[in-house]
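Hello,

Here is the structure I said I would pass on. My notes on it follow below.

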Amino acid sequence: MSDEVLTPSAPPVAPVPTAHRRPSWQRLTQRYGALAVLVVLFVYNAVQTPFFLTFQSLVNNQLRQAAPVGIVALGMALVIATGGIDLSVGSVAAIAGQLGALVLVDGSSAYLAWGAALGVALLCGLFNGVLIARYGVQPIIATLILFIAGRGIAQLITGGNLQDFDDPLFQFFGLGRTAGLPAQIGVWFLVAVGMAAVMRWTTFGRYVVAVGGNETSSRLAGVPVARTKMLVYATSAVLAGLVGLIAVGVNSSSDANNVGLGLELDAIAAVAVAGVPLTGGRMTVIGTVIGAITLKLLQNTLIAHGIPLEIAQMIEGAVILAALYVQRSER
């Protein structure tokens with residue numbers, strides 16, 4: 001993708017023999033595969049799905065439904081670019097949504113509820129970052145802690161009870177509209193543009209892919225590896241917290257059992273479909289956005305045409321497997 005950033009810190013290596021280079025079809029598929037699948041799905045639905053080419057379908061259904069996963073996927077892509085993984089985003093979304101709703105129900109303003117929700121999400125991200133960057137815990141183990149414990153924390157916040165509310169300002173992220181578009185899409189767009197700018201034009205963006213490309217060389221070159229990792233996991237958690245606010249806003253209530261459920265898997269799948277290698281060292285914002293839209297459109301297409309859930313899940317798994325197959329020789 002055009003916003004793709006490669007690690008600048010990897011030491012020079014000898015040219016790869018032609019016999020071991022990826023064939024041109026694999027390079028093209030890895031780079032443009034998700035876009036090609038998206039185009040095929042779009043054309044198929046335009047022909048076969050009634051009312052697909054309407055504002056209600058394309059914007060209010062497809063893009064709006066893809067937005068929460070897309071927002072978290074951008075944070076996940078940032079984490080994966082450093083060679084890590086974040087399994088805690090679903091639980092963090094649940095914690096943030098529960099706390100924000102509780103603060104609002106207790107009589108505080110929507111702004112304070114937003115601040116509390118995003119603040120606790122930031123703390124969760126820093127917790128992950130400290131374990132990984134300061135104590136050397138493997139990312140999959142460090143984030144598994146909150147993946148398991150976080151949903152229990154979310155349930156304890158409100159004693160396992162639903163928190164119902166009706167506050168248009170607090171629910172803006174979930175139900176609001178700007179310029180006729182759902183606020184979720186606007187938030188997703190701003191996050192994507194901001195992250196693309198950071199990755200392309202800031203030192204931090206170069207640090208992220210450098211750490212994922214070769215952490216040892218990056219550390220020897222003076223890259224603040226620990227600080228970079230902490231910022232990456234903090235960013236991922238804050239974006240998950242934002243999605244938690246979207247979820248409770250849409251439902252007009254908080255539900256610790258369902259908010260963010262399976263969100264981490266959808267986000268990882270979107271990144272994989274985007275062609276981002278799960279071994280780190282590369283980040284593509286546009287590709288991640290396309291990956292999230294492609295997965296959601298695939299899911300909706302299967303549902304719209306009456307495919308049984310079991311078969312639909314198998315098809316989605318096959319698409320992800322194909323994406324991983326294309327990446328197999330990427331590093």
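**Overview**

The chain has 13 helices and six strands. Please keep in mind that this is a predicted model. Of its 331 residues, 50% count as buried. The chain exposes about 15100 Å², and carbon and sulfur atoms supply 67% of that area. As for contacts between residues at least 6 apart in sequence, 80% of them join residues at least 24 apart.

**Helix α4**

Helix α4 covers residues 110-134, which is 25 residues. From its first C-alpha to its last it reaches 35 Å, close to the 36 Å expected at 1.5 Å a residue. Its buried residues are Ala110, Ala113, Trp114, Ala117, Val120, Ala121, Cys124, Gly125, Asn128, Gly129, Leu131 and Ile132. An α-helix has 3.6 residues a turn, so residues three or four places apart point the same way. What do the buried residues of α4 pack against? The partners are α3 (89-105), α5 (139-157), α6 and α10. Just after α4 comes glycine 136, with a positive phi of about 70°.

**Phenylalanine 170**

Phenylalanine 170 sits in the loop between β2 (163-164) and α6 (172-175). Is this residue buried or exposed? Phenylalanine 170 counts as buried because its relative accessible area is 0%, and the cut-off for buried is under 20%. Leaving aside residues up to four places away in sequence, phenylalanine 170 touches Gly100, Ala101, Leu104, Ala110, Ala113, Trp114, Phe165, Leu245 and Val248. Among these, Ala110, Ala113 and Trp114 are also on the list of buried residues in α4. Leucine 245 is 75 residues away from phenylalanine 170 in sequence, yet the two C-alpha atoms are 8.3 Å apart in space.

**Threonine 228**

Threonine 228 belongs to helix α10 (residues 225-251). This threonine is buried too, at 2% relative accessibility. With residues up to four places away in sequence not counted, threonine 228 touches Phe204, Tyr207, Val208, Val211 and Val223.

**Helices α7 and α12**

Two packed helices are described by the angle between their axes and the distance between the axes. For α7 (residues 183-201) and α12 (residues 285-304), the axes come within 9 Å and cross at roughly 150°. The pair is therefore roughly antiparallel, since the cut-off for that term is over 145 degrees. On the α7 side the contact involves Trp188, Ala192, Met195 and Ala196, which meet Val285, Val289, Ala292 and Ile293 of α12. By class, the contact of α7 with α12 has eight nonpolar residues, with no polar and no charged ones.

**Two positive phi values**

Most residues other than glycine have a negative phi. Which residues go against this? One is phenylalanine 51, with a positive phi near 65°. Phenylalanine 51 lies in the loop between α1 (24-48) and α2 (55-81), and at 69% relative accessibility it is exposed. Another is alanine 179, whose phi is also positive, near 55°. Alanine 179 is placed in the loop between β3 (177-178) and β4 (181-182). With a relative accessible area of 84%, alanine 179 counts as exposed, because the cut-off for exposed is over 50%.

Regards

Notes:
Residues numbered from 1 in each chain as written. Predicted model: local features only at pLDDT ≥ 70, side-chain atom pairs only at ≥ 80, totals over all residues. Heavy atoms only, no water. Helix = DSSP H or I, 4+ residues; strand = E, 2+ residues; numbered from the N terminus. Buried < 20%, exposed > 50% of the residue type's maximum accessible area, 1.4 Å probe, protein only. Contact = heavy atoms within 4.5 Å. Axes fitted to C-alpha atoms, helices over the stretch in contact; angles between N-to-C directions. Parallel < 35°, antiparallel > 145°, perpendicular 65-115°, else oblique. Nonpolar A, V, L, I, M, F, W, Y, C, P; charged D, E, K, R; others polar. Expected span 1.5 Å × (residues − 1). Areas by Shrake-Rupley, 256 points an atom, 1.4 Å probe, with all protein chains shown as cover.
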